[in-house]
Amino acid sequence: MKRLTIFRHTATASVLALAVLVCSTKTTSLSRANTPSPIASPSITKDANGLVQIQPLPVDAKFQNQWTPELEKEFQQRANEVIRYYTGKKYNNNSGENEKQTYPLAMFDFLAGNREKAIAFLEKEDKQAQDNAHTDGIDYYYSFTLKGQIRKYFFFGKFLDPAYKQRMFNGAKKWTKQDPNGRPHPIYGRGRGGDSWGPDVRGSWVDGRNTDNLRAMREISVYLMAEETGNEDVRQLYKKKIQRYVWALYHIGMGEWDSENYHGHTLAAYLNLYDFAKDPEVKQLGKAALDWLCAAGAVKYYHGGFGGPTKRDYGKSNVVYGSSAARLLWLYFGDNSLPNPKPEHDSIHIITSAYRPPLAVVALARKQFKKPIELLATKPVYENWQPGGEDRPGYWETTFFGNTYQMGSVVGEFSDGDVGPFKLIAENSQRGVDYFVVNTGDDRMKPGKNPGDQIGQYRNLALWLRPASDKSFFFQLPKKAKLEIENGIWFFKLEKTWLAIHPINFSAYTEVPIDDQKLSQYQEEKTLKVTTTSNQYYGFALEVGEEQNTSSYANFKKAVKSKSKLDLNQITAGIVQFKATTGDTLKITHNPNNDLPIIVRNGIEYDWFKNFDIYKSPEGNSPIYLGWKQGSLRVEAGNLVFEETVLSDGKVRF
């Protein structure tokens, strides 16, 4: 069996409240009902100022992270901004998985007071009702639809027509009588095969896609409806699936790690589990997953931006509030006075949930810890449930938190086309953050950890080297950034942060115009393109400065020109060494056998295979720590400490 140990903190670091739950595989006796179970009703009202006040379904205090009244007030203000944004938006499409957008729109409209219209849509006959005749016409197939169906049934169930809710119950009872995943569809069998994802193509009673977010939506929905309808065998099967996923988070990490597109979808699915699971062991699993997901998001969140390397990065979110993850986590973390221009549809799950992240995690997101500091991290391979997937990490990440910026890079033995390998985000008083992003390839907006890309990082220094090819380097930075070239060094001046780039066999840069209206979010950014001038290795060395260590931009330039040194004597062998203004050194040897470079930091070679910890600062006093296969997450920020443990050996450790 697995056990969870939860430490919950109050607003002072010296007081820790402890709640312990033992999660065993012992069968919980649940009644086999034929009608929906009685559920406490949420309260939805408006105060004297017209603000919507939501009292979610009650959750036992031992499962809650306590918040301060000040934080809760900020949260409610942001929640009402989202409700106002979506009030009155059109929602008339429930075809396929369009409920991904339209169910949240109807639910927001309901919260705003347009109840009759919203409920009419939520009860509207599904466009593919015939395909779902075996579940009484209710769409329990698409994962994105399932996420909304669950909140509709449990949170908004009080407001549904009793006959419609009974129909949802009856359909779910049939759906979870046996495992719906892979069960041949009554009409389409195992499907005709092809590129789309409907039951006619894939067969099955439920969407079988296995990305972290889609799997979470599926497994949590099947679990909750099996629990609700008394299908105990399926409930126990999916409880084990959920246990394995949460175990993986705490022991090896997340396959779809830090995705700027999909992190929030997984989080929203686990809000359903936390809010609606009856089994206290499973509710605690939901809380553990949410705490981890919020902590991982807090590392990358910065004033409404989402910085550092990401998995499943589509290259369209490198501006403040550009990331789906940042727009969702903003509800919890705030820390940007500018309005969120496009709140996430998944915000409905946060706004109607009783869950709040630990106070220390909020402080982590707001970077309320001693800086500067370096954080080393690892990420697992994507399909880590496959044989060998738990043996060692697939990626090694380095992040440096300065006083005005955070910079991160990632390496691994293999190339990966949907990984954003390097991002720096820096404070900007006008818009929250500026982005400095580097990619290689054929398209400036397309991310990718491309073959041959190898990066070394040590604190505020980076070396990027690749073999000569026709691949270009692309640099994204703000249009307002000042660009200068002195002594062959490129200087970029952001508002509070300064960059010095030492080109290695680079051509002169050219600016790439933005002529795609789909990239309108980049109108205030510029992209520089450079190619190689040699048939040898090419790339760059980077040093980042700020007022706290060089007092002024002019002094930073002066120090870089007089003190830093780039040694290219062994460039033909793929070896480059860089000495910074501080005297720190970084050396990279390009690895011809795979894409994991040999890195020497201040004279000490970094051994990737002796550094598996999921989060750890080599300097001590890490704001977040989670050892490889140790299961104990610790967050220390804002004079607060949060600890949570999921152990694989059945023991509880305090």
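This is a predicted model: local features need pLDDT of at least 70, side-chain atom pairs count only at pLDDT 80 or more; totals for chains, interfaces and linings use all residues.

Which residues in H8 meet which residues in H9?

Analyst: Let's begin with the residues you asked about. On the H8 side they are Ile242, Tyr245 and Val246, and in H9 they meet Thr266, Tyr270 and Leu273. Sorted by class, this contact has five nonpolar residues, one polar residue and no charged ones.

Now for the two helices themselves. Two packed helices are described by the angle between their axes and by the distance between those axes. H8 covers residues 232-251 and H9 covers residues 263-276. Their axes come within 14 Å and cross at roughly 130 degrees. Angles over 145 degrees would count as roughly antiparallel and 65 to 115 as roughly perpendicular, so H8 is oblique to H9. As for its hand, the crossing of H8 and H9 is left-handed.

The chain has 15 helices, H8 and H9 among them, along with 31 strands. Its radius of gyration is 25 Å, close to the 26 Å that the globule rule gives for 654 residues, so the chain is as compact as a globular protein of that length. Taken along the principal axes, the C-alpha atoms fill a box of roughly 80 × 55 × 55 Å. Buried residues make up 62% of the 654 in the chain. Finally, among contacts with a separation of 6 or more, 70% come from residues 24 or more positions apart.

Terms used
Residues are numbered from 1 along each chain as its sequence is written. Side-chain values use heavy atoms; hydrogens and water are left out. Axes are lines fitted to C-alpha atoms, for helices over the stretch in contact, and angles run from 0 to 180 degrees between N-to-C directions. Helices (H or I, at least four residues) and strands (E, at least two) are DSSP runs, numbered from the N terminus. Angles under 35 degrees count as roughly parallel, over 145 as roughly antiparallel, 65 to 115 as roughly perpendicular and the rest as oblique. A crossing is left-handed if the near helix is turned anticlockwise from the far one by less than a right angle, and right-handed if clockwise. Contact means heavy atoms within 4.5 Å. Ala, Val, Leu, Ile, Met, Phe, Trp, Tyr, Cys and Pro count as nonpolar, Asp, Glu, Lys and Arg as charged, and the others, Gly among them, as polar. The radius of gyration is taken over C-alpha atoms; the globule rule is 2.2 Å times the number of residues to the power 0.38. Buried means under 20% relative accessible area, exposed over 50%, partly exposed in between (1.4 Å probe, protein chains only).
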